[in-house]
Amino acid sequence: MSELTGNRIRTTAGKLGLPHLAETINEFTRRADEAKMGYLDFLDLVLSEELAVRDDRRFRQGLRLSRLPHHKTLDEYDFSFQPDLDPRKVKDLATLSFVEAKANAALLGPPGVGKTHIAVALAVAACRAGYSVYFTSLDDMVRNLKAAEATGRMTSKLGTYLRPGVLVVDEVGYQPLERDEANLVFQVISKRYEKGSIILTSNKTFSEWGQVFGGEVLATAILDRLHHCDVISINGPRYRLKNRIAAIERETEVA
């Protein structure tokens with residue numbers, strides 16, 4: 001390929017919004033020459049690489065906007081530390097069939113057993129698959145909605161929690177809510193019903209949600225909007241202690 005042709009291709013690729021092709025056209029043609037590719041194979045190579053780059057760029061942008069506290073995956077979760085947790089149930093969720101169906105998932109159990117890790121891992125998988133994701137604790141969501149309501153920005157702020165394909169609501173039940181606060185949560189869950197998925201974590205069983213949402217009536221109404229919900233209970237040892245135990249063992253070995 002002549003230098004003139006290469007420059008023309010780079011200019012055209014830039015105008016078409018194909019920056020990866022503009023930067024790597026010489027590398028593509030070298031690989032095509034070495035493999036003696038036909039025209040269609042070469043075109044397939046170029047388009048596949050450009051698509052992969054775009055997908056990775058979209059994924060990284062999605063993670064940046066998601067407000068996830070970290071980007072841990074299921075591969076980083078030590079299922080052996082929770083022997084009563086069936087990995088197949090979690091991996092079934094990771095297929096994202098519930099997200100495709102606009103259904104929900106709940107991870108229930110005491111503090112420290114790894115609920116948030118799994119919820120984030122599912123959210124990362126959803127982001128990788130092209131879904132928009134947003135993470136919030138329940139307390140932060142309620143606080144933001146109350147502030148928006150007080151300043152006449154309720155509709156705009158509701159959109160923050162209604163737009164994403166997947167909304168992750170962490171730490172449901174750590175603080176009981178007043179009735180007006182519980183009503184705000186009901187609005188979010190009700191408006192998302194069959195329009196988008198929710199992944200939630202809670203240290204309370206569903207039967208205890210009356211303590212969280214100011215009474216059985218509102219708790220039942222919220223649960224009714226979550227009835228398309230896969231539930232995983234984790235009742236083993238505190239997952240956060242695993243790293244501390246390992247550190248103590250290492251210190252003992254050194255001593």
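The accessible surface of this protein comes to about 14500 Å², and carbon and sulfur atoms account for 52% of that area. Please bear in mind that this is a predicted model. Of its 255 residues, 41% count as buried. The secondary structure consists of 12 helices and five strands. Among contacts between residues at least 6 apart in sequence, 79% join residues at least 24 apart.

One feature of the surface deserves mention. Leu40, Leu43 and Leu47 make a nonpolar patch of about 330 Å², and Leu47 lies in helix H3, which spans residues 39-66.

I turn now to the charged side chains. Side chains of opposite charge can pair when their charged atoms come close. A search of the whole structure finds six salt bridges, and I shall discuss some of them.

Helix H7, residues 138-150, contains Asp140 and Arg143, which are separated by about one helical turn because they are three residues apart. Their side chains meet in a salt bridge, at 2.1 Å from N to O. Asp140 is partly exposed, at 33% relative accessibility.

Lys146 forms a salt bridge with Glu181, with the closest N and O atoms 3.0 Å apart. Lys146 lies in helix H7 and Glu181 in helix H9, residues 179-192, so this pair ties together parts that are 35 residues apart in sequence.

Finally, Asp86 forms a salt bridge with Arg88, the closest N and O atoms being 3.1 Å apart. Here Asp86 counts as partly exposed at 22% relative accessibility, while Arg88 counts as exposed at 62%.

Definitions and conventions
Residues numbered from 1 in each chain as written. Predicted model: local features only at pLDDT ≥ 70, side-chain atom pairs only at ≥ 80, totals over all residues. Heavy atoms only, no water. Helix = DSSP H or I, 4+ residues; strand = E, 2+ residues; numbered from the N terminus. Buried < 20%, exposed > 50% of the residue type's maximum accessible area, 1.4 Å probe, protein only. Contact = heavy atoms within 4.5 Å. Areas by Shrake-Rupley, 256 points an atom, 1.4 Å probe, with all protein chains shown as cover. Patch = residues over 30% accessible without salt bridge, like charges linked within 9 Å, V, L, I, M, F, W, Y side chains within 5 Å. Salt bridge = Lys/Arg side-chain N within 4 Å of Asp/Glu carboxyl O.
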